[in-house]
Amino acid sequence: MAPAAHIIGINARALRILSSIVATFAALMCVGWAHAQMPSLRISQYKHTRWTIDDDVPAPIFAMVQGKDGYLWIGARDGLFRFDGIRFEKIEPEKKIPNRIDMIGQLLVARDGAIWVGYQTGGVAVYRNGVLRDTGLVSHTVLRLSETPDGTIWAAFTSTIQRIARYVHGRWDFSPNEALPHLEVARLITTRDGTLWVDQDSVISILRPGANRFERFLDHQKARGGITEDQAGRVWLSDTDGSRVIFPRNTKLPGRQNYRTPGFPIDTVTMFDRDGNFWGKSGADGIFRVTKPDPRGALFSTSGDIDYYLEKDGLASKTVSAMLADREGNIWVGTATSLERFRPVNLVTEPELIDPGVRGFPMFSGADGTVYIGQRGSVYRIRPGGRPELILKTKKDPDAICEGLDRSLWIFSTGEVAHFQHNHWSYLPLPPSSEPDAPINYCAPDQNGALWINGSTARARWTGRNWESFPLPVGMHGSVILRRSGSAAVGLYNPSGLASMSPSFSLLRVKSGNALNSLHSGYARKNDFIVGGVYGLARIRGRHVDFLSADRYPRLALTSGLILSPDGVTWLMTLKGIVRIRTDALDRAFSDSRAPLPTMLLDEQDGLPASGIPAAYGTAARGGDGRFWFATAAGVVRLDPRVFWQNRVMPSVVISSVKVGNMLYRDPAKLVFPAGTSRGEIDFAALSLAIPKRVQVLYKLEGVDSDWIDPGMRREAFFNNLRPGTYRFRVIAANDNGVWNREGATLEFTIPPTFLQSNAFKIMCAFLVGLLLWIAYLVRLQQITGRLRKALELRLAERERIARELHDTLLQGIQALILRVQSVANRLDAGTSARKEMEHALDQAEAVLVEGRDRVREVRAQTAEGDLAKAFLAVSASMPNALSKRFELAVTGVQRTLHPLVHQEVQRIGEEAIRNAYAHSSGSLVQVRIDFNPRRFAISIRDDGTGLPPEVLASGAMPGHYGLPGMRERATRIGAVFAVDSDPGSGADIRVSLSGRSAYASSRSFRPNWRKRESGRSFPPVT
């Protein structure tokens, strides 16, 4: 059979010699590569992200710095901006300076956190406490800015006369120019030791800490040079002769070789990142990087050549004008049309392995630690610590790769099998049961050395001379073959079958639901198997299957690759990306469905070229050096867990601005809003620039929000319907690695009340409401009093009418009758019995007439002032036991005439109460009080006797007696309040009271006469 492939390499003899050399070298160096840090990434292997004009980037960009708060500050054509990884925010100046264009060429972060701004059209401004304020120098174009340890700000200009100035005590001083050559300044930096370096094209001068004059340090005779400082405090010079250390001077060695970095025809842009890599602008074409350059020169460097990244590699513009390394290790590049970020990642694409075959990138880990990876028409191997190297080209795409017990290599492609043994390739046909284009999914040897294969149509083993086929029942097909050392190989068959592959094929059905359906990967452990597929992850122990469904754990969907590393971590290649799980947590989740399963996901943000998984089995492999390889639809990525990079930088949290109405408060600390404010907007930022999409933010407005609110990617909070008071707004955040800033940022703001919201207004409203209620009460009282007075007047009129009728009819008739009878009696003889009887009858009739007249007079209710007191005294004096009790009567207030009916009823009530006190009280004192208060008239009759029985108080009357009910009825008739208080052994107190408007005969107003002092009189006690 004609060979189906040809070997890329040398002959067998040379291979044996080379293998011996490599083995010897590996034995000597095994410890070295096992612990050595992997070579640094090339720029093309960084995660590259860019923002263009379509993303509202303020291009072109001329300067960049990172503030102490974590913001990326940008000086651009259109002014000053700051970037939080999501939004570009423009900072407007406090006031517009005439004849100044907002084009900014230089930025500086001062030690106090202020941002100093140099304008290309002249002038310097400083951003501090939320305000961008001008400091002068409007006529000077600023080239460079720097700060010395004493807080002095230095500025360099385009002029060759006034070349440099310092800002001291609020003004600019040009005196330092006297010691500098008349050359334009190209670079101005302050090193860690506090020395100010000035590069004026071919002359470098320095100002040492505490010195008053510059001194010349170096004449390098090369124009357009640039100086920068590395992490160790060394000063590097870059010009057309390359890059080298110029300070300390003792690093200059005979015959040293400069790093051949490109020249700088227009401007110098160089810097060192936190890992010691040297970056710069590559002429007018892009950027370059020298990996950790040796200060002794290029001859001593082991990092390789200069690495370039140009427009053809993905840079949006070849015109680079600014570069920055931030505190998280990101490299920022500002160009004429974009802002670009280069971020080191854990997943590195292998540039040789980016062309997937029909089955993607089949992988296999050999017993010696070598990883074999197939792609379209070829197979590569990666030795421990090595790079991918091509070992075989094939006509068909490889499907599966495995190793026999004798460590020979088997490569299955569509329609053929390649076998590498004893440095020799041989080729075999596929089993007769396999269809011509049917792929082979898995292959593995059993403990007897026979090689077993699983495919969509073939189940067979290679005995060393021929293939033996083992057909499956209808509806089942093979997927994974797993093998433990010294044990029989086990095959897994969809949808629910297990098979022992030695000494012959033995199939066993298992109840597993979807757990063993559509499997793509597996791993054999001592006591069980871990397998993954479309529907999740399963663990097989004997005939028992535990299943973690992708419905519950979406990150486990379509697990096509499995690695269980010795350090207790399980790595999965899934539909979502690469998933990292602690193996012990995974086993707990298998055993207990309630156990949590914490995971870490690595996806496109971590360097994965694509999250889609190719149609392949076993897309993960572990090398002997501890590195991992994972296959995606777009290529193979490498992961080295020994140098696994995680962002440990706590994110800064700031409250950037507050908008209330037309007011904007930038970088607020404590605010007092205009009175009546009820709504507004608070903008904040969580400053982790590595992966802003993964930054978690929570905020809460204390007093309004009961719990933390997750705004997602939104970086603003809106508040509405706030009442006057003091509020605290809090924001906390975590970076992409879950490092939380629990302190976060806090803004306290106060909303003063308007007059309508103030306590004074509320008190006034309460007073007015009370006044209105009082007026309403008075009006109602007047209405009731008027109705009562009207009723009294009607009653009085009716009584007067009755009195007149009685007087004019009955009394006058009786009087006439008495006169007639008297005339008849006068005609009788005196002394006769008839006359005596008649005169006796006349005397009785006259007595009745007198009593009738008295009653008529009472009906008319005519009384005079002081009658109540005299009447009560008269009643007291008329009592049979008057001398046995002490009687006290007091009158308070200005005595006024009572309404006749009121006077009569009150007098009757008082007389009845006095009689009862004398008759039924066993005490020795009776007290009467008459109160002529303008607002309310009242009388009180009190004794010190035994008091009323409780049952009398409860019923309001004593059986067989009508005194109390009569008094209560009289009080009701005049609208008075009648009350009886009595405690056993403490006497009784009867009180009658009614309003002054109802009581007094002429009540003009209820307003008290405050000028008239209350007067009173009392009567001497009667004993």
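**View 1. Strand β20 and its two antiparallel neighbours.** Strand β19 (residues 226-229) runs antiparallel to β20, and 4 bridges join them. Strands (E, at least two residues) and helices (H or I, at least four) are DSSP runs, numbered from the N terminus. Two strands count as paired if DSSP finds at least two bridges between them. This is a predicted model: local features need pLDDT of at least 70, side-chain atom pairs count only at pLDDT 80 or more, and totals for chains, interfaces and linings use all residues. Residues are numbered from 1 along each chain as its sequence is written, and side-chain values use heavy atoms, with hydrogens and water left out.

T228 has W236 of β20 as its bridge partner. The hairpin of β19 and β20 has 5 residues between the strands, and G233 takes a positive phi near 90° there. On to the next strand: β20 and strand β21 (residues 242-247) are antiparallel and joined by 5 bridges. Their hairpin has 2 residues between the strands. V235 stands opposite F247 in β21.

**View 2. Burial of β20.** How many of the 5 residues of strand β20 (residues 235-239) are buried? The count is 5 of the 5, so the strand is largely enclosed by the rest of the structure. Buried means under 20% relative accessible area, exposed over 50%, and partly exposed in between (1.4 Å probe, protein chains only). In a regular strand the side chains alternate between the two faces of the sheet. In β20, V235, L237 and D239 point one way. W236 and S238 point the other way, and all are buried.

**View 3. An open four-stranded sheet.** The strand order is β38-β39-β40-β41, with antiparallel pairing. The edge strands, β38 (440-445) and β41 (467-469), each pair on one side only. From one strand to the next the twist averages 20°. Here axes are lines fitted to C-alpha atoms, for helices over the stretch in contact, and angles run from 0 to 180 degrees between N-to-C directions. Within the sheet, β39 (residues 451-455) and β40 (residues 459-462) pair over 4 bridges. N454 has R459 in β40 as its bridge partner.

**View 4. Salt bridges.** The whole structure holds 54 salt bridges. Each is a side-chain nitrogen of Lys or Arg within 4 Å of a carboxyl oxygen of Asp or Glu.

- D84 and R87 form a salt bridge, with the closest N and O atoms 3.9 Å apart. D84 is buried at 3% relative accessibility, while R87 is partly exposed at 27%.
- R100 and D134 form another, with the closest N and O atoms 2.5 Å apart. R100 lies in the loop between β6 (88-91) and β7 (104-109) and D134 in strand β10 (residues 131-136), so the pair ties together parts 34 residues apart in sequence. R100 is buried at 8%, and D134 is partly exposed at 27%.
- D603 and R694 meet in a salt bridge at 2.5 Å, N to O. D603 lies in the loop between β53 (600-602) and β54 (620-622) and R694 in the loop between β60 (680-687) and β61 (696-702), so the pair ties together parts 91 residues apart in sequence. D603 is buried at 16%, and R694 is partly exposed at 23%.
- R525, D528, R539, R541, D546 and D587 are linked in a salt-bridge network.

**View 5. Helices α8 and α6.** Helix α8 (residues 963-973) has G963, L964, P965, M967 and A971 as its buried residues. These pack against α6, α7 (950-955), β68 (977-982) and β69 (988-995). G975 follows α8 and has a positive phi, near 75°. In helix α6 (residues 900-920) sits Q907, which is buried at 15% relative accessibility. Leaving out residues up to four places away in sequence, Q907 touches L868, A871 and F872. Contact means heavy atoms within 4.5 Å.

**View 6. A nonpolar surface patch.** The patch covers about 1100 Å², and its members include F755, L756, W774, Y777 and V779. Patches are made of residues with over 30% relative accessible area and no salt bridge: like charges are joined within 9 Å, nonpolar side chains (Val, Leu, Ile, Met, Phe, Trp, Tyr) within 5 Å. Accessible areas come from the Shrake-Rupley method with a 1.4 Å probe; for residues, only the protein chains shown count as cover. V779 lies in helix α3 (residues 759-827) and is partly exposed, with a relative accessible area of 41%.
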